[in-house]
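I opened my notebook beside the viewer today and jotted things down as I went.

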Amino acid sequence: MFLPTIGLEIHIELKTKSKMFCSCLNDPLSLDDSKGKGKTPNVNVCPVCLAHPGVLPTINKEAVEAVLKVGLALSSEIPKFSKFDRKNYFYPDLPKGYQISQYDKPLCIGGELKGVKITRIHLEEDTARLLHMAKSEEQMESTLVDFNRAGVPLMELVTEPDIKSAEEALDFAKELQLILKYLGVSEADMEKGQMRVEVNISIRPEIQDSRSKIQELGTKVEIKNLNSFRAAGESIKYEIERQTELLEKGEKIIQETRGWDDIKKITVSQRTKEEAHDYRYFPEPDLPPLDLEKFDLEKLQFEIPELPAQKRARFMKEYGLNQKQVEVLVSDRFAGQFFEEAVSELQTTNYKLQTILYNYLTSDLFGLMAQAKISFKELKITPENFAELINIIDRKEISTRTAKDVLKIMLETGRDPSEIIDSENLRQIFDEKEIEEVVRMVIAENPKPVEDYKKGKENALQFLIGKAMAELKGRANPKVLEELFRKKLTS
Ligand SMILES: [Zn+2]
């Protein structure tokens, strides 16, 4: 048996107003991302991010504060002093011929998330985007460069090799993504390249002899080009299998960088260690060292909202929801907020009514919103009106069938539920006399199903109830209606 040892390096594009070292707009999406929505390449550029001679960078305070906030949320140590360094390499997406990054004095040291230790979190600048054009008859094979992304603030988080499986790695990455969204520092959308995951993975024999204290680490392989959680998970599983097979055959694992081929579902070698870069790091001479004691950490700490882990625990305790139910509300912070605001407007506070509200929210309303492609930001229904609908259902003023119709009208118009019910005359009918009239009529008009029911076919009764319910526009109390039918058909 072999044990995997996995570490993650995660890059996050920060959602600041301007770029990392100049005042250009931080809006890197262009060309292929816009799908014709009018984004233009190379508009958010200036002499600084295009690396013209003689220009000087300035540090974006908002980006530094964003990383410090992440560090505080993940219990990292914030040192007194930090600095930027030059990472030298040549590539067409790097106009300066070096990247400003952080080498030995990162902004945040240590920390922990989901039982995984964090090594460091530092800040650097993103590269330009390269767009490889396919060969066509008119055009030669070519590569276009879009500098809108060049110089966008990029946070890098490195974990210790604490992770033992693909599941644990995904669990960590997903929780980090959620925290970043809660902190408002990045949308961390992997498909848009706002969050990029790299995996370090090695395997070693499981040592059976407990007397042996030497737990030799295996040879490390790096996997890049992972643009979805699915790809990250699949590539880890693939690498564990590939390396296990090699070791079982008695072969050696080469230290290298591999890329994920999402079509063939395999990792492929990109470069071996012999070709690895020597970045010749040295302190960035154009930027002053960062005195982190000048940052108001207390204020930043204060600005951190309730984080997902705390929210899960509180929701379970306060609302009597189970783990699965809570996750739905925690994974979408707007849904969680809507739920809480609505619950506070309920006429009685009990688990039963809160659960009814939860069910109408997560099944009925979510369903309608998905159909209409509406997000919480665009939702016309206020939490107050939603709670009012639940109160009305609880008071049995309308049937559950009518409730669904009312909710649909609320979604479309944003109208108050009581007002809809009054103006459309939708109140539930309990009055036996009013219902009985319809029951009589349905029985008279449907002799065949009546006969069938009397012969013992239960389905026939449902058919008759359906007919009557339709006649009463769904307003009849179902219990009263069914009882009346049973009474009439057996007498
Ligand atoms: Zn610029």
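I took a cavity as a set of points on a 1 Å grid over the protein atoms alone where a 1.4 Å probe fits but cannot get out, with lining residues having an atom within 4 Å of a point. For volume I used the space filled by probe spheres set on the points, which are joined across faces, edges and corners.

A note on the basis: this is a predicted model, where local features need pLDDT of at least 70, side-chain atom pairs count only at pLDDT 80 or more, and totals for chains, interfaces and linings use all residues. Residues are numbered from 1 along each chain as its sequence is written, and side-chain values use heavy atoms, leaving out hydrogens and water.

The largest cavity has a volume of about 70 Å³. I found Cys-49 in its lining, along with others including Val-48, Asp-93 and Tyr-98.

The second largest cavity holds about 40 Å³. Among the residues lining this second cavity I noted Leu-8, Phe-229 and Ile-236.

Next I went to the metal. Which residues coordinate the zinc ion? I listed Cys-22, Cys-24, Cys-46 and Cys-49, each through SG, at 2.3 to 2.4 Å. Donors here are N, O and S atoms within 2.8 Å of the metal (3.2 Å for Na, K and Ca), and water is not among the atoms, so sites may look incomplete. Along the chain the zinc donors are spaced C-x1-C-x21-C-x2-C.

Last, I checked burial: Cys-46 and Cys-49 are both buried, meaning under 20% relative accessible area with a 1.4 Å probe, protein chains only.

Definitions and conventions: Buried means under 20% relative accessible area, exposed over 50%, partly exposed in between (1.4 Å probe, protein chains only). On a 1 Å grid over the protein atoms alone, a cavity is a set of points where a 1.4 Å probe fits but cannot get out, and a pocket is an open set with protein on both sides within 12 Å along at least five of seven lines; lining residues have an atom within 4 Å of a point.
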